[in-house]
Amino acid sequence: MAYEIDGEIVKHFPASVYKLQRAKPVYKEFDGWDLIDGTLPKNARTYIEYIEKYTGIPVSIISFGPERSETIDRYGRWYS
């Protein structure tokens with residue numbers, strides 16, 4: 001989400017190597033979840049919705065494995 005450098009929160013990657021050495025990452029934490037039958041549990045939906053809101057970009061595909069059957073096409077645009 002950001003970096004804390006000398007008590008100040010900065011939202012950009014530090015350009016200075018000296019500042020980068022003192023930078024501590026600032027995270028946003030979410031509750032975990034278990035995937036059941038290829039459906040997204042509430043905590044997973046909360047996480048995806050946060051990503052969409054934060055970036056302003058919809059998350060169209062969610063994959064939880066290498067197989068096509070392990071992919072969720074949220075808007076029906078990718079697979080027929």
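Student: Which conventions apply to the numbering and to the confidence of the model?
Tutor: Residues are numbered from 1 along each chain as its sequence is written, and side-chain values use heavy atoms, with hydrogens and water left out. Because this is a predicted model, local features need pLDDT of at least 70 and side-chain atom pairs count only at pLDDT 80 or more, whereas totals for chains, interfaces and linings use all residues.

Student: In what order do the three strands of the open sheet lie?
Tutor: Strands here are DSSP runs of E with at least two residues, helices are runs of H or I with at least four residues, and both are numbered from the N terminus; two strands pair if DSSP finds at least two bridges between them. The edge strands, each pairing on one side only, are β2 (8–10) and β3 (24–26). The pairing is antiparallel, and the order of the open sheet is β2-β1-β3.

Student: What is the average twist from one strand to the next?
Tutor: Axes are lines fitted to C-alpha atoms, for helices over the stretch in contact, and angles run from 0 to 180 degrees between N-to-C directions. On that basis, the twist from one strand to the next averages 35°.

Student: Which residue of β3 stands opposite E4?
Tutor: Strand β1 (residues 2–5) runs antiparallel to β3 and is joined to it by three bridges. A2 stands opposite V26 in β3, while the residue of β3 opposite E4 is K24.

Student: Which residue takes a positive phi in the hairpin of β1 and β2?
Tutor: β1 and β2 also pair in the antiparallel sense, over three bridges, and Y3 has V10 as its bridge partner in β2. The hairpin has two residues between the strands, and the residue with a positive phi, near 55°, is D6.

Student: With which residue does R22 form a salt bridge?
Tutor: A salt bridge is counted when a side-chain nitrogen of Lys or Arg is within 4 Å of a carboxyl oxygen of Asp or Glu, and by this rule there are two. In one of them the closest N and O atoms are 2.9 Å apart, R22 being one of the two residues. The pair links distant parts of the chain, since R22 is in helix α1 (residues 17–22) and its partner is in the loop between β1 and β2, 16 residues apart. The partner of R22 is D6.

Student: Are R22 and D6 buried, partly exposed or exposed?
Tutor: Relative accessible area under 20% means buried, over 50% exposed, and in between partly exposed (1.4 Å probe, protein chains only). R22, at 39%, is therefore partly exposed. D6, at 57%, is exposed.

Student: What kind of aromatic pair do F30 and Y47 form?
Tutor: Rings of Phe, Tyr and Trp (its six-membered ring) pair if their centres lie within 6.5 Å, with planes under 30 degrees apart counted as stacked, over 60 as edge-to-face and the rest as tilted; the whole structure holds five such pairs. The centres of F30 and Y47 are 5.2 Å apart and their planes stand at 75°, so the pair is edge-to-face.

Student: What kind of pair do W33 and Y47 form?
Tutor: Y47 is partly exposed at 32%, and W33 is partly exposed at 37%. Their ring centres are 5.7 Å apart and their planes stand at 40°, so the pair is tilted.

Student: Which lysine lies over the face of Y50?
Tutor: A charge sits over a ring if NZ of Lys or CZ of Arg is within 6 Å of the ring centre and within 35 degrees of the ring normal. The charged end of K28 sits over the ring of F30, 5.4 Å from its centre. Over the face of Y50, at 5.2 Å from the ring centre, lies K28.
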